[in-house]
Each structure stands twice: as structure tokens, then as C-alpha cells.
Amino acid sequence: MAHDVKGTSPDDAVSPAANDGTVAELIESAMAHFRSGRLNQAEAELEDLKRRFPNSPATSHFLGLVAHHRGDDARAFALLEKAVEMNRVVPYFHGNLGEVYRAAGRFEEAATSCRTAIDLYPVYPEALNTLGASLCELGQMEEAEEALRRAIEFKPDMAAAHAHL
């Protein structure tokens, strides 16, 4: 499952050219549907935004999360990778892409994406958890333990990091 998008600020993720104040509001509306499990509504709103603002990396990112939750990882990869290409400085883009890679068993790519996310935002427990889990799968136990302990340091109640540790 992709990282919790509650902490993702649409204002941080919207391309400056499309940020007219309404795009962030529309993305937040779509993400409220997403968080409530209303994937059809979320996807419809995001597809409308994509038609209106085809260069919005946030729209591609969130459509990628919807695709992942629908089980369409090929589309999820394409959309999340496009978001990263369009805006390489949003840590959540890299972190969520890393989680989708990890879920698909693409552990090297997951680790790379998570390292980028952590470089951009060192206090990112979800990316640290995904990095740790991916490194475990790759047999890199010392580095995995370090990442998981840092995740727990930043978010002590993160059950997944405790379980991976």
C-alpha cells in the first residue's frame, strides 16, 4: 500500500504553472475521496484535472496511487514515474513510487526511490520503513536495521517498521 497521503500537501506537489489556487483544492477533494475508499470519485476528479492541467505532477502522482490501489501497477508505475520526472524535488513522489516498487518485488528500485525521498526529506518515516523492508529483501540487514530504527525514532507507533525490524 502506498504511503499515507494525509501528510502530503497538494500545494507542495502542484506544478507552479498550474497552481492557481483551485488545483490544490480540487486535488484535496479527490484525495478526500481516496482516503475514504471512494476510488471511482477520486479517479474521476483526478482525470478531469489531468485533462485541464496535463502538466500537473501532483495529478499524475495521485492518479498513480489510485491505480496502485486498484491493482493496476503498470499504470501506477507509469503515472508515478511521470510525476517524478516532472518534479524531482517532492519527497512523497519518490517515497510512494518506492512503496509501489517494493509491493511489486522491485526492491532495488524501491531502495533507490526511498533513498532519494530521504535525501529530500530526512525525517520521512514511511520512506525509511520502505527502504528498510526493501533492504531486508535484498539481504542488506545492517543497513535495513538502521533505516527501520530511524523510522521508529521519527514515528514510534509505526507498526510496520516494528514488524520489519
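I started with burial: 48% of the 165 residues in the protein chain count as buried. I'm working from a predicted model here.

Next I looked up the secondary structure.

Then I checked how far apart in sequence the contacting residues are. Taking contacts between residues at least 6 apart, I noted that 52% join residues at least 24 apart.

H4 covers residues 57-70 and H6 covers residues 91-103; their axes sit 11 Å apart, at an angle of about 25 degrees. Angles under 35 degrees count as roughly parallel, so I put H4 down as roughly parallel to H6. I also noted that the crossing of H4 and H6 is left-handed.

Which residues meet there? From H4 I listed Pro-57, Ala-58, His-61, Leu-65 and His-68; from H6, Tyr-92, Phe-93, Asn-96, Val-100 and Ala-103. Sorted by class, the contact of H4 with H6 has 7 nonpolar and 3 polar residues, and no charged ones.

What does the side chain of His-61 join in a polar contact? The partner is the side chain of Asn-96, at 3.0 Å. Leaving out residues up to four places away in sequence, I found that His-61 touches Leu-79, Leu-80, Ala-83, Tyr-92, Phe-93 and Asn-96.

Definitions and conventions
Residues are numbered from 1 along each chain as its sequence is written. This is a predicted model: local features need pLDDT of at least 70, side-chain atom pairs count only at pLDDT 80 or more; totals for chains, interfaces and linings use all residues. Side-chain values use heavy atoms; hydrogens and water are left out. Axes are lines fitted to C-alpha atoms, for helices over the stretch in contact, and angles run from 0 to 180 degrees between N-to-C directions. Helices (H or I, at least four residues) and strands (E, at least two) are DSSP runs, numbered from the N terminus. Angles under 35 degrees count as roughly parallel, over 145 as roughly antiparallel, 65 to 115 as roughly perpendicular and the rest as oblique. A crossing is left-handed if the near helix is turned anticlockwise from the far one by less than a right angle, and right-handed if clockwise. Contact means heavy atoms within 4.5 Å. Ala, Val, Leu, Ile, Met, Phe, Trp, Tyr, Cys and Pro count as nonpolar, Asp, Glu, Lys and Arg as charged, and the others, Gly among them, as polar. A polar contact is a pair of N or O atoms within 3.5 Å; within protein, one must be able to donate a hydrogen and the other to accept it, and residues adjacent in sequence count only if both atoms are side-chain atoms. Buried means under 20% relative accessible area, exposed over 50%, partly exposed in between (1.4 Å probe, protein chains only).
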